[in-house]
Amino acid sequence: MGNPKAFLEIHRQEAGYRPIHDRIHDFGEVEQTLNTRERKLQASRCMDCGVPFCHWACPLGNKAPEWNDALYKGDWELAYRLLNSTNPFPEFTGRICPALCEKACVLNRFNHEPTTNREDEAAITEAAFREGYIQPHTDITRITRHTVVGDSVADVPVRVAVIGAGPAGLAAANTLNLMGYSVTVFEKNEAAGGLLRYGIPNFKLNKTIIDRRIQLLEQEGIEFKYNANSTLCTLNSTLKAFSAVVIATGTPTARDLNIPGRELKGVHLALEMLSQQNRVLAGMEFSNDERITAKGKDVLVIGGGDTGSDCIGTAHRQGCKSVTQIEIMPRPVEGPEDPQNPWPNWPRTLKTTSSHEEGCTRRWNINTLEFLGKDGRLTGVKVQEIDWQPNPNGGRPMMVEKGKPEIIKAELVLLAMGFLKPEHPEYPDNVFVCGDSANGASLVVRALASGIETAKKVDAYLSK
């Protein structure tokens, strides 16, 4: 390491967010950046641990000590090469990853000031694009097979289909393409990205970042087919043209809340609002009846995860009157440490996002009983405060009512309660499932890791 004492002399410095009064009026990215000098100083804090728990915690196995050292020494190109050797799309994870590596950092155990790995990798990648270190691979040797065509034998490319252009699908397609397979990606939407494009708001991930990467993948030979209808994406049709198929369709079914009043106008699944807003920013138009907007409304978000947080930030930018977020589970512990899940594991502690900072009433241990309305439109939600008690028979704790039901005023409710894990039939040997479609809803970084691992399984199968 260039400065083995930096972690003792330099404190953690985050770039922080744009001022609230500025950022809530647009959908530009909220996160700021440090200048080059400060970024290199932050990279110098990585202490070259004997056991790098950051590497252990990262699903991709990112070599943070190595690329942080290169960044500190000013070799941005080497830093990117090291980063890209394990992470195919660091411009995505550098913006939206919860940074499992930072919670496992030895400095987090030492003084709760871990190395700024996530911000460092974002800075490294943007420098790589800016300086031209990232160029399309145009020297890929394509894998072919001797195939009888009519009365002759020809070398035909080995083709692989990827169904779904989300993080897992893109990672699988990228890996297979670089291996030499001819890859076609089928996507049901009008553009690639999956939840990166249609679930995550622009204020966290500007969609030009996705477009830039997709253009690069196209230049490297990956074919994208958008608005792929159901007949095109059925296995029966794709199996005939491709040697293998990768299913990376994510978790398309959101968890709903089927209680009285669910049919009222004003009750929506979170992604209905988030995806529509992203499409509006991309230039798509919707009628007044189709448009889901929080403008001038009291908004209730049901669900305490990242999707719920994204709804809060979007509601503010649409001009809401107020936002309340409720969660059926207990309030997480505060502070950097979680006694139930100690270092180097991920601490399940209270998380306050940039959207929460913009204004939100947050409540826990709240069960939703009924949606209330007038003339077919939502006016409020009946809820019940609860407690969780140990189950005398073991297993899941028991929910018990506490106090009397109350009504929360709301003209817009957004259901952000997660997604249902898909069920798959038994597929032929040359069909592989990856990402959230295989494992259930999880992090983008885990989807990327799953896509890469699945690509290796496809290669092993096709190499037999």
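What is the relative accessible area of arginine 12?

Guide: It's 23%, which makes arginine 12 partly exposed; on this scale, buried is under 20%, exposed is over 50% and partly exposed is in between, using a 1.4 Å probe and protein chains only. Before going on, bear in mind that this is a predicted model, where local features need pLDDT of at least 70 and side-chain atom pairs count only at pLDDT 80 or more, while totals for chains, interfaces and linings use all residues. Numbering starts from 1 along each chain as its sequence is written, and side-chain values use heavy atoms, with hydrogens and water left out.

Now for the partner: arginine 12 meets glutamate 102 in a salt bridge, 3.1 Å from N to O. That term means a side-chain nitrogen of Lys or Arg within 4 Å of a carboxyl oxygen of Asp or Glu. Arginine 12 sits in the loop between helix H1 (6-9) and helix H2 (20-23), while glutamate 102 belongs to helix H8 (residues 100-104), so this pair ties together parts that are 90 residues apart in sequence. Helices here are DSSP runs of H or I with at least four residues, strands are runs of E with at least two, and both are numbered from the N terminus. Glutamate 102 itself counts as buried, at 9% relative accessibility.

Another pair to click on is arginine 363 with glutamate 406, where the closest N and O atoms are 2.8 Å apart. This one also links distant parts of the chain, 43 residues apart, with arginine 363 in strand S10 and glutamate 406 in strand S14 (residues 406-409). Both ends are partly exposed: arginine 363 at 24% and glutamate 406 at 29%.

Then there's arginine 331 with glutamate 334, joined by a salt bridge of 2.8 Å, N to O. Arginine 331 is partly exposed at 42%, whereas glutamate 334 is exposed at 55%.
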